[in-house]
Amino acid sequence: MPTKKFLDLSEDKKKAFIDAAIMEFERQSFNEASIFNIAHNAGVSRTGVYYYFTNKQDIYEYLLSLIRDDFVKSLEQADKMDIFDLFMKYFEYMAAYKGKREEKFIRQSYNNIKLVEVNTLDISIQKLDMDKVEEIIDLSNLKYNNSEIIKVISLMGFSSVSKLLIEYFSNKITYDVAKERCELFFECLKNGFTRQK
């Protein structure tokens, strides 16, 4: 996360830095992205970057946190929902980036998930703490309502959404197909995979 020195910058300087970082991370994979290029495009020295962030991963996770925060903010006016509705809202929110300026960064961020451990560079809101998640969703309808089970459900849900978004952003499937597959998966997860007698 950014240091106080970064947060104290003027809005214009912060925006220039964020734009330079997004440009670098959308251009190539996380592993190939360069602190030097970010610094150069932001108009700061390479050592200046380290006044603002610890390392490249710190910058990247900050950019992802901005997207997660915007998603959570978009839910503030919504009624509480169950966890499966939250997965669908997340799918719809992220899919809406297609055709927007941030599309390349979003697409590359999903490709980065394949390169490294999912929990390290994850764009999903599973990185939120459970207190924040419980403010957004109603967990009362779950048979097993403990934090470990919720983490497992979240990992399954967000991994599935991420896979479908990767296919959607790379034009392997249409939005309608991706959404239909999401809905089917979450319906199966919600109701179980066995027939009721």
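## Salt bridges along the helices

Glu11 is exposed, with a relative accessible area of 57%; exposed stands for over 50%, buried for under 20%, and partly exposed for values in between, with a 1.4 Å probe and protein chains only. The model is a predicted one, in which local features need pLDDT of at least 70, side-chain atom pairs count only at pLDDT 80 or more, and totals for chains, interfaces and linings use all residues. Residues are numbered from 1 along each chain as its sequence is written, and side-chain values use heavy atoms, with hydrogens and water left out.

The side chain of Glu11 meets that of Lys14 in a salt bridge, at 3.1 Å from N to O. A salt bridge is defined as a side-chain nitrogen of Lys or Arg within 4 Å of a carboxyl oxygen of Asp or Glu. In general, side chains of opposite charge can pair when their charged atoms come close. Glu11 and Lys14 are three residues apart in helix α2 (residues 11–27), and therefore about one helical turn separates them. Helices are DSSP runs of H or I with at least four residues, strands are runs of E with at least two, and both are numbered from the N terminus. In contrast to the exposed Glu11, Lys14 counts as buried, at 13% relative accessibility.

The structure holds ten salt bridges.

Glu24 counts as buried, with 2% relative accessibility. In helix α7 (residues 103–115), Arg107 and Glu103 are four residues apart, which again means a separation of about one helical turn. Arg107 is partly exposed, with a relative accessible area of 30%, whereas Glu103 counts as buried at 14%. Beyond these pairs, a network of salt bridges links Lys15, Asp19 and Arg101.

## Aromatic rings and charges over them

How many aromatic pairs does a search of the whole structure find? The search finds 23. Rings of Phe, Tyr and Trp (its six-membered ring) pair if their centres lie within 6.5 Å; planes under 30 degrees apart count as stacked, over 60 as edge-to-face, and the rest as tilted. One of the pairs is formed by Phe87 and Phe158, which are edge-to-face, with 4.9 Å from centre to centre and 85° between the planes. Phe87 lies in helix α6 (residues 83–95) and Phe158 in helix α9, so this pair ties together parts that are 71 residues apart in sequence. Both Phe87 and Phe158 are buried. They belong to one aromatic cluster, whose members are Phe71, Phe84, Phe87, Tyr90, Tyr93, Tyr97, Phe158, Phe185 and Phe186.

Two lysines lie over aromatic rings. A charge sits over a ring if NZ of Lys or CZ of Arg is within 6 Å of the ring centre and within 35 degrees of the ring normal. The charged end of Lys56 sits over the ring of Phe30, 4.8 Å from the ring centre. Lys100 lies over the face of Tyr97, at 5.9 Å from the centre of that ring.

Helix α9 (residues 147–169) has 23 residues and reaches 32 Å from its first C-alpha to its last, close to the 33 Å expected at 1.5 Å a residue. The expected span is 1.5 Å times one less than the number of residues in the helix.

Asn171 follows α9 and is placed in the loop between α9 and α10 (175–191). Its phi is near 60°, a positive value in a residue other than glycine. Most residues other than glycine have a negative phi. Asn171 is exposed, with a relative accessible area of 59%.

## The chain as a whole

The chain comes to ten helices and zero strands. Of its 197 residues, 46% are buried. Among contacts between residues at least 6 apart in sequence, 69% join residues at least 24 apart; a contact means heavy atoms within 4.5 Å.

The structure holds zero disulfides, a disulfide being a pair of cysteine sulfur atoms within 2.5 Å. Cys182 is buried, with a relative accessible area of 1%, while Cys188 is partly exposed at 23%.
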